[in-house]
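Hi,

Here's the structure I promised to pass on.

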Amino acid sequence: MTFPSLADTASAAFHWLEYAGLLGFIGVVVVRRLAAMTPHFHWARVSMQPALVAALAGGLGLLIVGILRGGHPSALVIVRVVAEAGALGLCVYGRPLVVIPGMFAAASLAFAGHAAAVNPPAGAIFTDAIHVLSAGMWAGGIFVLATLRPPGGWGGEEGRSLLARFGRIAFLAFAVTALTGVLRATEAIGRLSDLWATPYGVVLSAKTAGVLVMVAMSGLVWRRGFRYARAEGVLVVLILLATAVLAAFPMPPRPGIESVVMATVREVMNETLFTVQPSTTVGEAVALMAQHRVGSMLVMDGARLDGIFTERDTVRAISQSHDAPSHSVSSWMTADPMTVGPDEPVEEALKTMLDRGFRHLPVVKDGEVIGIVSIRDLAG
């Protein structure tokens, strides 16, 4: 069994903080809307700021870990952190439309998980996004309710009324969460033995057990007035922690594709190289990528690899300079890019790309570039 490194553990911790913040934010939104129904429950008007602060702190932590690892921060993480900061700013200054950037940030968590490595990724990412949003509605809602103290307690009239309102939403949200969770789990776990033979499967099993315990607890005690609110709140935090830890583990191999997962980079790499010189302009490089239908160009100075210029660099260049197409690619390329050896296992190369936020890796042997591999080649 392969366990995560210290950097992976730090990433899991910041993922947990971000997950807890964003799902808690969704829970706050749900509870506030329910409390605004007639009759109004002013005691349930929970502040959004603590959840958004936690989410932003977790997102910034992930950016810092990515930078310390020596890779470029993922554009998707940057966009999510900007959305979290925007939502917090709107909340602090009492501006409307806080929900829009907050929900966007929560949904974009799907791009940070294993779903992004599925080929094609669109369906898996959509499923993960629905899973996160629905989980926020019921698990986040339970966590928020656990922090409240209604007049007369949860056995009182107002407490029971709010629980009744929440129960109708929580049941449907849980059903959606369970369905989407099963769909994603079947993609990650190919064999029953993976549930106890792999770190990913062990944590997934623990998370599933936690969810079942919480559902049983809700069914038994809510009718008695939500007597164990704090216990359910703690259980939600632990389940979110398991969700974050899952992001730190590589998914176990799927039956039928072990030959690909255990293969070497040499077996899946593309030996056809598309190159440009450091003096080639951004406009020319983009035209060549479009012509050859590739997502990157190797920047070569003779036989020496100077850098790599990708679609992401194109977006960054155009967004930062209006005349970027006329500048040389050396101004925007990733200089001295990380490379991979042809005999490295595909699983290790894929983990490197996911950890560092790369989508292309040049393949180098004895100082010579002999191919290039993309995340689609590795995950497919």
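**What I found**

The protein chain has 15 helices and 6 strands; these are DSSP runs numbered from the N terminus, with helices being H or I of at least four residues and strands E of at least two. A word on provenance: this is a predicted model, so local features need pLDDT of at least 70 and side-chain atom pairs count only at pLDDT 80 or more, while totals for chains, interfaces and linings use all residues. Residues are numbered from 1 along each chain as its sequence is written, and side-chain values use heavy atoms, with hydrogens and water left out.

Of the 380 residues in the chain, 46% are buried (under 20% relative accessible area; exposed is over 50%, partly exposed in between, with a 1.4 Å probe and protein chains only). Taking contacts (heavy atoms within 4.5 Å) between residues at least 6 apart in sequence, 68% join residues at least 24 apart.

**The cores**

The largest nonpolar core has 44 residues, and Met-48, Leu-52, Leu-145, Leu-148 and Leu-162 touch the most other members. By nonpolar core I mean a set of buried Ala, Val, Leu, Ile, Met, Phe, Trp, Tyr and Cys residues joined through side-chain atoms within 4.5 Å. Two or more residues each come from α1 (6-35), α2, α3, α4 (99-107), α5 (122-146) and α6 (157-188), and α1 gives the most, with 11. Leaving out residues up to four places away in sequence, Leu-52 touches Phe-25, Ala-87, Leu-88, Cys-91 and Val-98. There's also a second, separate core of 14 residues, with Val-340, Val-346, Leu-350 and Ile-375 among them.

**α2 against α3**

The axes of α2 (residues 49-68) and α3 (residues 75-92) come within 9 Å and cross at roughly 155°. Those axes are lines fitted to C-alpha atoms over the stretch in contact, with angles from 0 to 180 degrees between N-to-C directions. That crossing angle makes α2 roughly antiparallel to α3 (the label for angles over 145 degrees). On the α2 side the contact includes Leu-52, Val-53 and Leu-56, and on the α3 side Val-81, Leu-88 and Cys-91 are among the residues involved.

**One more spot**

Is Thr-314 buried or exposed? Thr-314 sits in helix α13 (residues 311-320), and at 11% relative accessibility it counts as buried. Not counting residues up to four places away in sequence, Thr-314 touches Val-286, Met-289 and Phe-309.

Cheers

Key: Parallel < 35°, antiparallel > 145°, perpendicular 65-115°, else oblique.
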